[in-house]
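Subject: Structure for your files

Dear colleague,

Here is the structure I promised to pass on. My notes on what was found in it follow below.

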Amino acid sequence: MALTGGVPQLIEREKEIAALRTVLQDATQGRGGVAVVSGPVASGKTELLHTFAQCSADSGALVLSATASRAEQSMPFEVMAQLFQPVSQSEESRRWTSGLISPEMCGKALAESDGTAAEKSSAQVMQALWMILTNLAADRPVVIVVDDLQHVDELSRDCLLYLARRLRFSRALMVLTEQTGPQHRYQAFHADLLRQPHCKRIKLAPLSEDGVRELLRERVGEERAARLAPKAHELTGGNPLLVNAVLEDHLTGVADGSGDLLLGDAFGEAVLSCLHRGDPLLLEVTRAVAVLGGAGGTELISAVLDTSAETAAQHVQALNGIGVLSHWQFRHPAAARAVLDHVTVEERSRMHVRAATLLQQDGSPNETVARHLLAAGAPLPPWAVEVLRDAAEQALFGDQTTTAVAYLELASSICVDEQERGAIMALLTSIEWQLDPSTASRHLPRLISSVWQRQLDQQHAMTMLRYLLWHGRFDEAEETMYHLDRLPVQGDPVRAAEIEFLRMWLAYSYPPLAARFARPAAVERTVPVALSTSPQHQAANVLATILSGRVDDQLVAKAEQLLQSCQLRDSTLEPLTTVLTALVYADRIPLAAQWCDSLLGEASARRAPTWQAVLSSSRAEISLRQGDLPAAAEHARTALASVSQERWGPSIGSPLASQLLAATEMGDFGEAARVLAQPVPNSTYESRYGLYYLHARGHYYLATGRPHAALNDFQVCGDLMVKWSVDLPELVPWRLDVAEVHLRVNNRDQAVAHVEDQLARIPTTPSRTRGMALRLLAEAGDVDSRPRLLAEACDVLQTVGARLELAKALTDLSEVHNTTGELDRARMVARRASSMAKACHAEPLLERGSSRQVEQHFAGRPDVIEISGAGGTSTLSDAERRVATLAAQGYTNRQIARRLFITVSTVEQHLTRAYRKLNVNRRTDLPIDIEVMTVDSA
């Protein structure tokens, strides 16, 4: 009998259909057989079976069909009842068949019989069914189809095997479908069935990429199918059910503008459908993989689920076959989300705690264990506290601050030891302060209590004190300092160095608070090795030198030593910014800028906004000293943007001062007024940051025609500095500020007195403060001494690289030359002053009347220098030109020597000859554009 019915189109199932055609053709000719169709969940077995059954019926065969169910596995002969009851030809026959294989009656009979009687009764039923099948096959071929063999009840399975053994010479065919995957409980049945010579096994594979494209083409057309097929195959492994779900999500709009596949509800539901069709452990393994993220592999999964590693591996292999997993990972996060959405919080927590416990016992890294503890959440076993703390420190080492915060928050919530909990919270606060000071402040009340109850050690107590000062909570800081003073140092020289630096830093940064405690003794020159290498000890040395007024090369050496050896951390931020300030005070501005930029890069790479804010504030001050006014304003804005203004404390005075002073010097008084309108906390004026702010505000008032307001700010600043014993001109040269106001109101005697007072307090070596003082003394003193004083001021300011102050001094000097009729010299100096003022963006300086008049007087004239001497006219040699050019740009002789790889003596010789040829006396008279100068011949 031929199979004549049409076969609906099944994608990539042509070989399987052909195989089934063959066994049906054999059965019609009296060569019965068995076909077992196996494949992963949702691979199309049921669709293939139904299609074949329909075609068989269309060809004239009698089709007996049944579908097994996990829910009906306990009902004896349930599948047999589905197969044979519908074919009973009369009412009497139906009653007889029902009595024979009715699950209800069979169940009752088996329950009332002993083992032997039950076996005999089962054998009689099987024999009776075989006779019915034989009678049916006498009229036409019979095709028995059973879907989901793995769910067939035990008696029906035995009966199917009984019938299968006898089909070889009959006109009957049995087609069974089963899922591939973990070994079933019916291994003996499986082995017996497949060894029958007339039994054929047909395996269904997932769709290939071409098959997926063909499936998609039926609904979206050739072009879109070709574009979507590779990704759809990757996401589903060729599982037809999942492919259709992907297509449904795509067609219902779950896609982005590019048309790429984005998975939604349909895909998630299809994944769950696949999992629920498998055995219960398949779903449990999938949940474990989703919860544990595939970490730990077979051993961990099996341990968490309390099953064998072999069983876990089999189920993972099945999940790969289904297309849900690829190795140990979900093919798409949507599948993991769908699975996790059906796992209760309690079950997730239980799995993670179980995994963490097993990993911890197995000696896994703490960070691996901690990830599971974090996912589990409280409550946790007591040992978890130490693991979480260690993992947090590891996370910090890798700059994973957010992860470290999460670990410490969990550790704090489960810790029952108050002292240990205090230490955890102190570390947590330290990390959060790097990210956002206001977030960290939520822990301060509890930490204050811990300090007062002596539950925190010295290091953590000092850290907490710094945060109180940041927020301007001085009363609590004072009380904390009182308790901190009474904590035991325990003979640790490093801790002693930390407290030593803290006291020094307080005396420098918050003098009113430090004054309430005894000043630390001078640092001993002979110290233990552990102490001498401590960053805090080195920084304390630097601060002691600053506070003593000894700003010299020795200070620079100490500062560089610390910068080279100290890594940026929360505990070293103040020491590092302190030594940057030391370099600024020592007029080593390029060096300070270099180190500050390096530290800023590190803070940015480690994503620490508070560190960036503090260092950007320091960089703004450095840029001011460099004369780079736009950079100073930009760094100040960066500092204020890194930490919002309401989250700054007293130290906001520093970036605001830099921003205000930069705007004032650039002549942007509108911007300066906007900065000035921003509120400043009162606590600012109890710190050195308030000194910066008063200094900057005073200069704004002076520049905008309010000398009395300026004088008040400068005088208040000076009074505070004297009162606090930080009367350091490098910090704020308030006497020079006061002198400048007196000059504006034509009170020259007072101006001279303040300048001379300042000069008497500083060394005679070159410094920015000395250069500024000489310039003001020249302006306030008699006319005859002005050229000499201004020339000296220019030399000093050029030596230390203070470009803005040098531009001011050069402008004054050009005006003096202009007044005395030395117009050529006035022009050269004015050109240098103008060029330097432009470089600094100091617009008000460019608008100075005399300088502009000199520029206009010589406008359009070529840059010609008459060179006279015994030898007549002569041009500069290349070597002389290179040296003179660098000298005109402000490089010192030593810097020129290093840059040109010559000796200092050679530099001096070249400059001497250049001065003679150009008819000038010093480097400040050199034209700034010497490199393009032309020289006329006689």
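**Salt bridges**

D26 is partly exposed, with a relative accessible area of 24%; partly exposed is the class between buried (under 20% relative accessible area) and exposed (over 50%), taken with a 1.4 Å probe and protein chains only. The side chain of D26 forms a salt bridge with that of R31 at 2.9 Å, N to O. A salt bridge here is a side-chain nitrogen of Lys or Arg within 4 Å of a carboxyl oxygen of Asp or Glu. R31 has 43% relative accessibility and so counts as partly exposed.

Before the rest, two notes on the source. This is a predicted model, in which local features need pLDDT of at least 70 and side-chain atom pairs count only at pLDDT 80 or more, while totals for chains, interfaces and linings use all residues. Residues are numbered from 1 along each chain as its sequence is written, and side-chain values use heavy atoms, with hydrogens and water left out.

The whole structure holds 35 salt bridges. One of them joins the side chains of D399 and R606 at 2.7 Å, N to O. D399 sits in the loop between α19 (384-397) and α20 (401-414), and R606 in the loop between α32 (589-605) and α33 (609-626), so this pair ties together parts that are 207 residues apart in sequence. Helices (H or I, at least four residues) and strands (E, at least two) are DSSP runs, numbered from the N terminus. R606 counts as buried because its relative accessibility is 13%.

Another salt bridge links D727 and R735 through their side chains, at 2.6 Å, N to O. The two ends fall in separate classes: D727 is partly exposed at 25% relative accessibility, whereas R735 is buried at 3%. There is also a network, in which salt bridges that share partners join E665, R768, E805 and K808.

**Overall make-up**

The protein has 938 residues, of which 55% count as buried. Its secondary structure comes to 49 helices and seven strands. Among contacts with a separation of 6 or more, residues 24 or more positions apart account for 68%; a contact means heavy atoms within 4.5 Å.

**The sheet**

Five strands make an open sheet with parallel pairing, in the order β2-β3-β4-β1-β5. Two strands pair if DSSP finds at least two bridges between them. At the edges are β2 (62-67) and β5 (199-203), each of which pairs on one side only. From one strand to the next the twist averages 15°.

β2 runs parallel to β3 (residues 142-147), and six bridges join the two. Across this pair, S65 has V145 of β3 as its bridge partner, and A66 has V146.

**Two helix pairs**

The axes of α40 (residues 748-760) and α41 (residues 768-780) come within 9 Å and cross at roughly 155°. Axes are lines fitted to C-alpha atoms, for helices over the stretch in contact, and angles run from 0 to 180 degrees between N-to-C directions. That angle makes α40 roughly antiparallel to α41, a class for angles over 145 degrees; under 35 is roughly parallel, 65 to 115 roughly perpendicular and the rest oblique. On the α40 side the contact involves R748, A751, V752, V755, E756, Q758 and L759, and on the α41 side T769, R770, A773, L776, L777, E779 and A780. The crossing of α40 and α41 is left-handed, meaning that the near helix is turned anticlockwise from the far one by less than a right angle (clockwise would be right-handed).

In the other pair, α7 (residues 154-165) and α8 (residues 187-194) pack at about 15° with their axes 10 Å apart. They are therefore roughly parallel to each other, and α7 passes α8 in a left-handed crossing. R157, L161, A164 and R165 of α7 make the contact with F189, D192 and L193 of α8.

S651 lies in the loop between α34 (629-642) and α35 (653-665) and is buried, with 7% relative accessibility. Leaving aside its neighbours within four places in sequence, S651 is in contact with W470 and Y689. S651 and Y689 are 38 residues apart along the chain, and their C-alpha atoms are separated by 5.5 Å.

Regards
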